[in-house]
Amino acid sequence: MTRLTTLALGAALAAGPALADLVFPDLSYRTGPYAAGGIPFSDGYQDYFALVNARDGGIGGVPARVVECETAYNTEKGVECYEATKGEGALVYQPLSTGITYQLIPKVQADGIPLHTMGYGRTSAANGEVFSHVFNYPANYWDAASVAISYLSGENGGDLTGKKITLLYHNSAYGKEPIRTLEELAAKHGYELTTIAVDHPGQEQGSQWLRIRRERPDYVIMWGWGVMNQVAIQEAANIRFPMENFIGNWWAGAEHDVTPAGAAANGYKSLNMNRVVDYPVFDDIRTYVVEAGNAAGDGSNVGSVLYTRGMYAAMLAVEAAKTAQEIHGVADIDAGMMRDGMEALEMTAAKMEALGMPGIGPEFSVTCQNHGGSGLGLVQQWDAAAGTWTPLTDFIAPDDAVIDPLIAADSEAFAAENGITPGCAES
Amino acid sequence: MFYREAGDFKTRYADDAQSFPIAFDRYRYYAVMVLALGVVPFIVNDYWANAVLLPFLIWSVAAIGLNILTGYCGQVSLGTGGFMAVGAFACYKLMTAFPGLNIGIVVLLSGGVTAGVGVLFGLPSLRIKGFYLAVATLAAQFFLVWLFNRVPWFYNYSASGQISAPERTVFGVPVTGPNTDAWATYLFCLVFLIGAAWLARNLTRGAVGRSWMAIRDMDIAAEIIGVNPLRAKLTAFMVSSFLVGIAGALFFSVYLGAVEVGEAFGIQKSFLVLFMVIIGGLGSIFGSMAGAAFMVLLPVFLKNLLVGGLGWDTALAAHFELVIVGGLIIFFLIVEPHGLARLWELAKEKLRLWPFPH
């Protein structure tokens with residue numbers, strides 16, 4: 001029992017005084033096998049809020065406060081973090097983990113706190129009539145699968161018949177998400193799909209790549225994360241798989257994934273949901289945040305792929321908060337108002353340009369029916385000599401004719417399981 | 001002074017045979033029960049229930065289960081995570097197949113299913129012992145996780161392979177799903193922990209438990225004096241898997257609500273429970289709970305202390321957590337190789353003589 005009382009003391013110490021601020025919990029992971037991706041994302045996420053506080057004096061005059069909580073990509077710690085931070089007036093959760101997302105979806109619907117899973121999580125959450133508090137704009141996994149296939153189809157003059165495509169995936173909810181879409185698309189485009197699973201954490205991929213070497217697929221699509229990406233790219237280099245035929249999704253295309261393989265990784269392609277170029281906003285971040293000593297990390301990640309995406313996620317959250325402030329006419333918004341702001345969010349080119357990040361993402365607007373945004377994605381290629389990712393294409397549209405029925409079917413199954421009547425609540 | 005047999009006269013055989021023959025122990029036990037059943041449910045909040053108490057209760061059930069097998073019967077098992085997965089998936093299949101069935105019964109049935117699977121994987125223990133048995137149970141761990149990943153029937157063909165618990169109620173109060181109250185989930189798990197501890201305590205005091213301990217201490221000698229090793233080992237596997245299955249079912253349905261088999265029930269969970277049992281004390285019910293508290297609550301406590309209390313960087317705190325917990329494990333194992341339960345025993349020995357140690 002003494003341990004419990006000391007624990008109570010610890011919890012009491014943890015609870016700070018309530019000030020007027022907008023709380024954005026950051027369920028980050030800076031430890032464990034997925035830290036390589038978690039650190040730059042979290043740095044970007046926190047630095048953007050720090051920038052907004054330092055440069056603009058907060059969101060609509062109210063300072064943003066980021067509460068960081070380490071999850072180590074572990075679902076149990078994720079639950080602990082959620083419970084620990086939700087009492088502080090959390091406005092939106094972005095766990096950056098599909099496993100934690102699945103856990104939080106029922107909880108956030110019950111607690112009335114929005115959940116934003118940008119390009120990950122449960123794809124069918126795009127149906128806002130069922131998932132009232134879950135958003136996955138600007139794009140989701142099924143969009144990514146479709147964008148990859150569209151790109152490959154374009155490479156082959158619009159015909160993929162008889163091509164062999166292999167999906168190399170992380171054996172988890174995350175990696176399994178695109179399988180159904182790729183199967184549907186295989187039926188439509190006539191390519192032959194094989195799926196190869198890699199178990200957590202993905203350091204051991206010898207047998208998988210042996211199989212790839214034997215089967216000689218035309219293309220390999222990868223749904224990887226963390227240490228799995230580096231290993232896969234190294235293994236691909238080892239069997240001399242042509243890198244330009246190896247496409248990662250947008251979680252398998254950051255600098256730290258390709259650099260360990262050195263020059264051998266040259267030509268590796270990946271999807272991206274946000275364009276990575278040197279935006280003016282990075283100068284602001286360097287001036288207001290890094291040089292002021294308020295950066296979440298050491299500042300070395302500024303401008304990297306996942307840093308940019310973390311910053312993009314924070315920017316979307318800030319814009320949604322501003323929208324919520326406009327709708328409700330209150331500066332100090334709560335989670336319910338934040339949800340309304342997210343549902344009314346509209347991203348235009350002019351808005352992104354004004355924020356110092358022109359063309360970072362596609363234009364989209366969120367509605368109650370569509371929490372998933374436009375679903376556009378682009379393809380980028382790694383240039384090992386220059387050490388940069390070069391966007392190869394403009395934003396490619398996914399095949400909504402295939403994806404929409406899948407989303408409808410999966411979300412209806414969720415609604416039936418959980419007794420939800422689909423519909424847009426008036427609030 | 002307070003803690004002694006002297007003066008506590010027993011006039012019936014039943015009094016002599018009770019679980020806590022010393023009056024002071026008995027009162028302490030009653031006090032804990034009153035506190036756990038009568039006070040905590042009224043003050044518990046979401047954070048305490050979901051982050052502290054539920055994991056403690058559920059892991060305690062799992063640790064008691066493994067302790068029966070490893071601590072009482074001497075059969076080392078590394079398959080606990082796999083058996084918890086059996087409990088969780090049995091629970092999910094039963095919940096979705098029979099929506100009207102009471103969740104309490106579902107959890108018990110899941111334990112039953114796991115008991116069956118446990119007996120199946122316990123069969124090799126009749127031929128192989130020690131480290132070799134550990135490897136055989138390790139095979140069970142990997143096989144079961146692979147099975148639940150591979151066969152879509154187990155997760156009702158969902159796109160992601162995740163299973164999630166729909167809402168189920170006990171006496172009209174939801175205990176699974178998103179709309180639960182902290183006290184309801186807490187009490188639900190507490191009832192199972194009390195049941196598990198009661199079952200384990202009474203089994204280990206009786207003929208069955210004595211046959212397990214005989215097998216543990218020396219199986220050939222046990223066989224010579226008439227203990228049937230087949231029955232002793234398989235009952236140990238059965239009871240142990242039953243409890244572990246219940247823990248798995250609760251872990252999935254009440255605590256997490258959605259799980260993915262590879263992450264939630266991987267090999268690290270088998271090690272976690274084994275460490276709980278070793279640190280808590282082999283062959284002790286109290287030790288199982290102490291070990292669970294040590295392994296589950298200490299990281300949460302350290303996190304609150306380092307990040308919330310001292311304002312450390314989260315990554316630094318996470319790394320230090322590992323260092324501190326690891327250091328403490330080594331410290332306890334050096335100071336008391338028989339676990340926390342042995343420290344508790346020593347404290348009681350001292351208390352018996354207090355305040356006149358000579």
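The model, which is predicted, scores ipTM 0.88 and pTM 0.91. In this predicted model, local features need pLDDT of at least 70 and side-chain atom pairs count only at pLDDT 80 or more, while totals for chains, interfaces and linings use all residues. Residues are numbered from 1 along each chain as its sequence is written, and chains are lettered from A and ligands numbered from 1 in the order in which they are written.

**View 1. The contact between chain A and chain B.** On one side of this contact stand 39 residues from chain A, and on the other 35 residues from chain B, where two residues are in contact if their C-beta atoms, placed from the backbone, lie within 7 Å. In chain B, at least two residues each are supplied to the side that touches chain A by helix H3 (46-72), helix H11 (261-264), helix H13 (285-309) and helix H14 (314-335); helices (H or I, at least four residues) and strands (E, at least two) are DSSP runs, numbered from the N terminus. H13(B) gives the most to this side, with 8 residues. Sorted by class, the side of chain B that touches chain A has 17 nonpolar, 15 polar and 3 charged residues. Here Ala, Val, Leu, Ile, Met, Phe, Trp, Tyr, Cys and Pro count as nonpolar, Asp, Glu, Lys and Arg as charged, and the others, Gly among them, as polar.

**View 2. The two domains of chain A.** The domain assignment of chain A gives domain 1 (21-139 + 278-375) and domain 2 (141-272 + 377-405), with bounds that come from an automatic or database domain assignment. The C-alpha centres of the two domains of chain A lie 26 Å apart, and 16 residues of domain 1 are in contact with 22 residues of domain 2. On the side of domain 1 that touches domain 2, the elements that give two or more residues are helix H2 (35-56), helix H4 (98-111) and helix H11 (305-328) of chain A. H4(A) gives the most to that side, with 3 residues, and the residues of the side divide into 9 nonpolar, 7 polar and no charged.

**View 3. Helix H5 of chain A and its surroundings.** Helix H5 (residues 141-155) of chain A has 15 residues and reaches 21 Å from its first C-alpha to its last, close to the 21 Å expected at 1.5 Å a residue, where the expected span is 1.5 Å times one less than the number of residues. H5(A) is mostly covered, with 12 of its 15 residues buried; a residue is buried if 20 or more other C-beta atoms lie within 10 Å of its own, exposed if 12 or fewer, and partly exposed in between, with C-beta atoms placed from the backbone. Among the buried residues are A:Tyr141, A:Trp142 and A:Leu152. The buried residues of H5(A) pack against several elements of chain A, including helix H6 (173-189), strand E7 (219-223) and helix H14 (400-418). Just after H5(A), A:Gly157 takes a positive phi of about 65°.

**View 4. A:Tyr169 in its strand.** A:Tyr169 has its place in strand E5 (residues 164-170) of chain A. Why does A:Tyr169 count as buried? A:Tyr169 is buried because 23 other C-beta atoms lie within 10 Å. Not counting residues up to four places away in sequence, A:Tyr169 touches A:Gly175, A:Lys176, A:Thr195, A:Ala197, A:Val198 and A:Trp223.

**View 5. Backbone details in both chains.** Most residues other than glycine have a negative phi, and most peptide bonds are trans. A:Ala72, in the loop between strand E2 (64-70) and helix H3 (75-86) of chain A, has a positive phi near 55°, and this residue counts as buried, with 21 C-beta neighbours inside 10 Å. A:Arg216, in the loop between H7 and E7 of chain A, has a positive phi of about 45° although it is not a glycine, and A:Arg216 is exposed, with 10 other C-beta atoms within 10 Å. A cis peptide bond joins A:His200 and A:Pro201, with omega about -5°, and A:Pro201 is found in the loop between strand E6 (192-198) and helix H7 (206-215) of chain A. In chain B, the peptide bond from B:Trp354 to B:Pro355 is cis, with omega near 0°, and B:Pro355 lies in the segment after helix H15 (340-353).
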